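Take a look at the chain below. This report walks through a few of its parts, one at a time.

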Amino acid sequence: LKSSKNPEEQGVTITADIVYSIFIGYGAVEKIVLLDKGKGLQALVQFSCKEQCEQAYQFLNEQTVFVGTEPMIDISLNIQFSHLTDLIVKQQTTKTKEYSQASLLGPYLSYPSIDPYGQPLYPGMHSDAHGPGHSPYGLPPP
């Protein structure tokens with residue numbers, strides 16, 4: 001995750017929930033771990049299956065999304081596949097979260113708050129951002 005401005009300096013904190021809202025449109029996100037290794041923020045995102053991960057890669061790699069409201073920050077996504085087979089989340093924090101248990105999903109159980117392009121999603125409304133015949137979550141209809 002790269003930004004043209006440091007999100008923290010702009011008053012925008014990138015949390016696991018924000019990363020979740022970016023990726024949930026492409027599959028069942030199970031776990032997220034955020035790391036800052038000095039070269040910028042990295043997010044490890046675990047999906048429930050490889051196909052969902054590949055779909056997120058196909059649609060989000062090298063794309064820019066916007067987070068925050070005032071100010072709005074641009075985040076460039078550079079997605080790579082990890083050699084890890086399972087992320088370990090020792091505790092629920094703003095930087096590490098497990099979403100695979102329904103009780104932990106809270107407001108995310110039904111709908112994500114924004115689509116991958118930073119546009120708000122509303123239940124029952126179609127988003128034209130994905131083109132005709134696509135759901136508002138970026139997935140083609142079955």
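In which sense do strands E4 and E5 pair, and over how many bridges? The two strands pair in the antiparallel sense, over four bridges. Keep in mind that this is a predicted model.

**The hairpin**

E4 covers residues 64–67, and E5 covers residues 73–76. Together they form a hairpin, with five residues between them. Glycine 68 sits in the turn and has a positive phi of about 90°. Valine 67 of E4 stands opposite isoleucine 73 in E5.

E4 also has two faces. Val65 and Val67 make up the covered face. Thr64 and Phe66 make up the uncovered one.

**An enclosed helix**

Now turn to helix H1, residues 16–23. Six of its eight residues are buried, so the helix is largely enclosed by the rest of the structure. The buried residues are Ala16, Val19, Tyr20, Ser21, Ile22 and Phe23.

**Salt bridges**

How many salt bridges does the structure hold? It holds three.

| Aspartate 17 | Lysine 97 | 3.1 Å |

Start with aspartate 17 and lysine 97, which form a salt bridge. This pair links distant parts of the chain. Aspartate 17 is in helix H1, while lysine 97 is in strand E6, residues 96–98. The two are 80 residues apart.

Aspartate 86 lies in the loop between E5 and E6, and lysine 31 lies in strand E2, residues 29–36, so the pair ties together parts that are 55 residues apart in sequence. Lysine 31 is buried, with a relative accessible area of 10%.

An α-helix has 3.6 residues a turn, so residues three or four places apart point the same way. Glutamate 54 is partly exposed, with a relative accessible area of 35%. Lysine 50 counts as exposed, at 59% relative accessibility.

Note on methods: Residues numbered from 1 in each chain as written. Predicted model: local features only at pLDDT ≥ 70, side-chain atom pairs only at ≥ 80, totals over all residues. Heavy atoms only, no water. Buried < 20%, exposed > 50% of the residue type's maximum accessible area, 1.4 Å probe, protein only. Pairing = 2+ DSSP bridges. Salt bridge = Lys/Arg side-chain N within 4 Å of Asp/Glu carboxyl O.
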